[in-house]
Amino acid sequence: LFVNARLSQLPPVVLVLAAVLLWSTGGLFIKLTELDAFQVTFFRSLFAAVTVAILTRKDGFRIDAFGIATSAVYAALLLLFVWATKKTTAANAIFLQYTAPIYILILGPFLIGERFRIRDLVTVAVVLAGMSLFFVGQLRLDDYQGNIAALFSGLFLGLYILLLRHPRAERLNPTVAVIYGNFLLAAITLPAGLRALPALTMKDFAAVLFLGVIQIGISYILFIKGVRGGTRPLDASLIGFLEPLLNPV
């Protein structure tokens, strides 16, 4: 309760920024482990779901059709991102995932009634053009599977951020999609996780523990508090562009 009260005193945009800083560690820890994409997903999702469920249990676990749909979108974005990070460079995976602002611009007026503004379009275009100077030259046809997965991850990321501000989301625990989405991923990838157990090293365990508890669990609690607290979905996605800069660093 003390931590929750302290977080509530911070500006929402600071919470989003903190979440993005934690997200930027994902590429490093995914690359550190010898586990494959599905094995990483199993352990990371399991630890994340348990972490978020424990920390937000007082908000309840009720879910409805909207919550199920949001959980599926969230699960897809995470699975596609891990697959992309394994199949292409961490920098490419994150840069392509952050095409999300484009989808937020397109879908925002229809899903949450967000007014389309020319200055938003200009901002997104300038930021994407600037980021392309760093990353587009590294896109290779050999990495097409990872790059396509990353692009779809961007679509689902934009959709998930919009759904956080949807009126129907107000009736549920704000983190319910993170909880059920991660449990869903853990269930889907359970066979891969069981195969990994006999050869799991301490380095692998430490990496997926960090990914689940910190890089996903705590970061999404911060991000959701920031977006639900007043940060515009488009602004949140633009702040996310710090991640591609910090991830390779």
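Predicted model: local features only at pLDDT ≥ 70, side-chain atom pairs only at ≥ 80, totals over all residues.
Residues are numbered from 1 along each chain as its sequence is written, and side-chain values use heavy atoms, with hydrogens and water left out.

A cavity here is a set of points, on a 1 Å grid over the protein atoms alone, where a 1.4 Å probe fits but cannot get out, and its lining residues have an atom within 4 Å of a point. Grid points are joined across faces, edges and corners, and a volume is the space filled by probe spheres set on the points. By this rule there are three cavities of 30 Å³ or more.

The largest cavity holds about 110 Å³ of space, and its lining includes W23, R44, F81, Q97, Y220 and E243. The elements that give two or more residues to this lining are α5 (65-87) and α12, where helices are DSSP runs (H or I, at least four residues) numbered from the N terminus. By class, the lining of the largest cavity has eight nonpolar, two polar and two charged residues; Ala, Val, Leu, Ile, Met, Phe, Trp, Tyr, Cys and Pro count as nonpolar, Asp, Glu, Lys and Arg as charged, and the others, Gly among them, as polar.

The second largest cavity holds about 90 Å³, and among the residues that line it are F66, G67, T70, L164, N173 and R228. Two or more lining residues come from each of α5, α9 (144-164) and α10 (176-188), and α5 gives the most, with three residues. The lining of the second largest cavity has eight nonpolar, three polar and one charged residues.

Now to the helices α9 and α12. In general, two packed helices are described by the angle between their axes and the distance between the axes. How are α9 and α12 packed, at what angle and how far apart are their axes? They pack at an angle of about 55°, with their axes 9 Å apart, which means that α9 is oblique to α12. Axes are lines fitted to C-alpha atoms, for helices over the stretch in contact, and angles run from 0 to 180 degrees between N-to-C directions; those under 35 degrees count as roughly parallel, over 145 as roughly antiparallel, 65 to 115 as roughly perpendicular and the rest as oblique. On the α9 side, Y160, I161 and L164 meet Y220, F223, I224, V227 and R228 in α12, contact meaning heavy atoms within 4.5 Å.

S219 is found in helix α12 (residues 202-228) and counts as buried because its relative accessibility is 0%, buried being under 20% relative accessible area, exposed over 50% and partly exposed in between (1.4 Å probe, protein chains only). Leaving aside neighbours within four places in sequence, S219 is in contact with A19, L22, W23 and I214.

A149 lies in helix α9 and, at 6% relative accessibility, counts as buried. Not counting residues up to four places away in sequence, A149 touches L80, W83 and A84.

A76 lies in helix α5 and is partly exposed, with a relative accessible area of 22%. A76 and N182 are 106 residues apart in sequence and 9.9 Å apart in space, C-alpha to C-alpha.

Methods: 1 Å grid on protein atoms, 1.4 Å probe; cavity = no way out; pocket = protein on both sides within 12 Å on 5 of 7 lines; lining within 4 Å.
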